[in-house]
Amino acid sequence: MQLGLKSIRVSAAIVLLAVSGVTWAEGGPATAPSTSPASQPTTTPTTAPTTQPVVRYVPPQVVPRPPHSHAPVASPNTVEELETIQAQVEKVVPTLMSATVGISVGAAQGSGVIVSADGYILTAGHVSDDPNRECTLIFPDGKRVKGITLGANHIVDSGMIKITDKPGPGGWPFVQMGTSNDLQLGEWAIALGHPGGYRVGRPPVVRLGRITHNVFGATATISTDNTLVGGDSGGPLFDLAGHLIGINSRIAPSTSLNMHVPVDSFVAEWDKLAHSEQWGPKPTDSPRFNVPSPPKMGVGVDELPNNAGLKLTRVDVGSPADKAGLRVGDEVFKINNQPVRNTNEMLQILLQQRAGNVINIYIRRPEAEDQMLRVKLAGATKAPGQK
Amino acid sequence: MKLSSTRKSSAFASSAVAVALALACTRTLTWADGPPATRPSAATIAELNRKALAATRALIRAPKETSKASEGVRKVFLQVSSLASESTVELRVNGTIKALGTVVEPQYIVTKASELGDFNKVTMTTKSGQQIAAKVVAVVEDHDLALIKVDATDLVPIKLEAPKDIKPGMWVATPMPSGSGLAGYGVISVGRRSTTAGYLGVRLGPDEAGKVKVVSVDKETPAGRAGIQADDVITAVNQVPMTDVQQLRDYLASQASGQHATVMIQRGDKSLNIEVVLAKRPTEESARATYQNTMGGELSARRMDFKAVYQHDTVLSPAQIGGPIVDLKGHVVGINIARSGRVESLAVPADVIMALLPDMKDGKFPIPAKVVPTTQLAATQPTTRPGVSRPMDNETIAARKRQIEAMETQAKELMERARHERESLMKSTGMDSAPLVPGMLKPTTQP
């Protein structure tokens with residue numbers, strides 16, 4: 001796809017980390033955030049002459065960081081120092097995992113972390129996306145609970161979800177929130193998440209790295225060399241004490257450049273997020289996410305070397321291609337007298353067509369003469385959950 | 001977010017904001033709460049975009065001393081893995097470096113089988129740099145392990161240790177052959193598990209009622225061969241009711257390839273039981289997942305379907321697979337078996353290999369006649385579908401690497417300049433480094 005290719009060329013571009021990425025599903029009941037101890041809303045009368053009291057949500061208490069010099073943390077250079085780090089990571093990780101969840105919302109999958117006993121979950125804005133949608137939260141042991149998406153700040157990519165199922169006595173497992181504005185460069189950090197989405201039998205995946213940048217302001221970002229990939233989005237980043245300092249968000253080509261939303265952004269905007277407000281430009285507002293779908297043939301293709309055409313790698317049963325007699329391994333080199341040298345050229349041709357049109361597709365098949373088959377195109381199928 | 005907020009910022013802060021702008025919206029400069037009353041001029045926007053781009057470049061390379069790859073840490077791991085590096089060898093096929101190998105006994109080397117490709121043309125590089133013939137004597141398909149025999153007398157075997165509790169967070173280092181440094185290091189990400197899974201060959205989506213609807217069926221897969229059709233609703237597998245898509249995915253993941261399964265489907269008003277034989281999951285993900293996973297380097301051709309593995313976060317290349325991983329004590333706790341994603345490398349536990357070794361030597365695992373494909377990016381490329389980004393070829397990757405290198409050089413310069421600006425700013429204002437944060441909550445002010 002032309003625009004898809006463009007996205008590859010932007011090599012330094014930041015890639016969002018939800019698994020099936022863009023989902024537009026809407027619906028689900030608009031449930032008001034419930035109130036319970038850890039995140040008690042306070043009711044204050046407004047000065048304006050209105051009967052509606054203003055509910056203000058406040059974040060759970062954060063654990064302040066011990067005072068430090070603000071100088072970059074020195075690199076360990078002995079086995080003993082590395083052993084100390086290892087012992088600390090091994091010690092805190094089991095507790096941190098128990099509050100780390102997989103998130104399934106619409107067709108997208110990501111990660112998140114519970115920060116209060118009553119089930120407030122911090123995640124990435126592009127995971128929770130539109131407010132008031134039903135979602136499923138998956139615990140490391142496979143247990144599933146229901147939740148609802150709350151607000152999202154798409155500028156920094158922060159998002160919030162609330163578990164709607166009732167917890168057992170003692171509430172949901174949760175982690176302590178720390179602070180992020182005072183992170184030191186070189187400080188060690190633990191990232192958890194579900195790369196590729198939640199997988200049965202695989203607990204949240206541990207990555208260890210260091211804080212390499214801490215950018216402040218309205219579009220604050222932490223970067224680390226904790227490697228992340230699609231599905232990690234919304235997963236937590238902790239300091240070695242096990243306090244939440246950030247939420248996984250996006251990556252650049254280098255494995256040592258991974259971006260996280262600072263936890264301070266959540267604290268500062270807690271009330272808005274808990275009130276299901278959504279603001280800032282969504283990544284999905286970008287034109288490259290809004291590509292028209294060509295009519296469907298029902299094939300998968302690989303490009304042949306040297307612009308020699310396309311090889312079919314998949315033919316869907318009962319699809320227009322199947323009905324026309326196309327087979328896996330066929331090499332397409334021409335459609336309707338226009339040469340097809342690569343994916344882009346095929347898409348350009350298909351985008352000019354509409355469902356119901358018949359196209360002439362020219363193929364090469366091993367040990368056979370080149371031949372022309374006629375394919376009657378079907379309507380574009382939308383991914384499940386797409387608007 | 002208002003652009004005007006950048007005006008009052010200091011030189012350093014403005015570059016910080018520009019970085020953040022670049023990170024938040026690499027797409028275009030946009031306003032959260034509508035465009036401001038007075039629109040900044042095109043020149044201002046262009047200038048900000050330029051700064052944002054420059055700052056993004058500056059982020060490409062972190063300052064070395066505060067990164068995981070710092071010199072100090074590297075030296076420690078070089079030291080703890082020095083013994084294992086004596087037992088690490090380089091393996092070539094037709095002269096091309098394909099894998100590392102671990103010397104487990106005199107004359108015997110364990111490595112990753114599928115990476116070799118042609119079992120008849122394997123050579124080992126000796127300490128003096130010569131190539132000597134290496135004979136593949138056993139292949140264990142479940143683990144993708146090969147045992148190789150060489151007629152060399154100077155090979156130093158290393159003991160495979162088998163600690164009982166390998167927990168996430170434990171450091172592991174991957175040495176290169178002695179004198180060639182370190183391939184990398186990281187921590188255990190996931191404890192021992194199996195990555196085998198059953199494969200059906202359908203694309204699934206929830207129908208209006210949230211049930212498991214077949215969106216499309218791939219030909220030449222178990223589902224395609226058994227006659228499952230698009231729009232069928234899968235209601236149960238092996239009498240286990242399937243109520244949503246995730247549940248079916250999880251169930252299949254818990255099954256092994258080669259197993260028989262009865263799939264109950266609803267087709268229109270008919271209910272059918274369809275018998276299938278689950279296949280091996282092909283090494284193919286969505287183009288998007290592959291694109292992200294190859295951000296950071298090539299992957300092994302076979303990277304799934306292992307019977308027992310540790311997962312760790314060391315960044316390795318496919319040719320650095322096959323050698324040992326060691327803990328902080330220098331004990332060999334496993335042998336790398338796959339580079340399987342941007343965040344994951346896999347290793348077969350040491351005790352698994354120790355248990356297999358006698359049978360491998362005894363000829364109980366004959367080498368298969370079929371030659372397994374090696375890692376070429378073409379082989380790992382998934383199906384390209386319309387509307388989905390195209391996976392990269394080797395040339396694109398090489399071009400990107402060059403691009404990143406160039407950016408890194410620029411980045412160093414930019415970082416240096418930023419530091420300079422910051423220092424002079426602090427001098428002129430007498431500011432401490434901490435409160436450079438505009439409008440950010442400090443712990444003391446938090447509720």
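How many bridges join E12(B) to strand E13 of chain B, and in which sense do the two run? Two bridges join them, and E12(B) and E13(B), residues 240-241, run antiparallel. That is the place I will start from.

Some ground rules. This is a predicted model, in which local features need pLDDT of at least 70, side-chain atom pairs count only at pLDDT 80 or more, and totals for chains, interfaces and linings use all residues. Residues are numbered from 1 along each chain as its sequence is written, and chains are lettered from A and ligands numbered from 1 in the order in which they are written.

Strands (E, at least two residues) and helices (H or I, at least four) are DSSP runs, numbered from the N terminus. Two strands pair if DSSP finds at least two bridges between them.

Back to E12(B) and E13(B). B:Val237 has B:Val240 as its bridge partner in E13(B). The two strands form a hairpin with two residues between them, and in the turn B:Asn238 has a positive phi of about 50°.

E12(B), residues 233-237, has other partners. Strand E11 of chain B, residues 212-217, is joined to E12(B) by two bridges, again antiparallel. There, B:Val212 is partnered with B:Ile234. With strand E14 of chain B, residues 260-267, E12(B) pairs over four bridges in the antiparallel sense. B:Val233 stands opposite B:Gln266 of E14(B).

Last, chain A. Seven helices and 22 strands are found in chain A. Of its 387 residues, 52% count as buried, meaning that 20 or more other C-beta atoms, placed from the backbone, lie within 10 Å of the residue's own.

Conventions. Buried ≥ 20, exposed ≤ 12 C-beta atoms within 10 Å, placed from the backbone.
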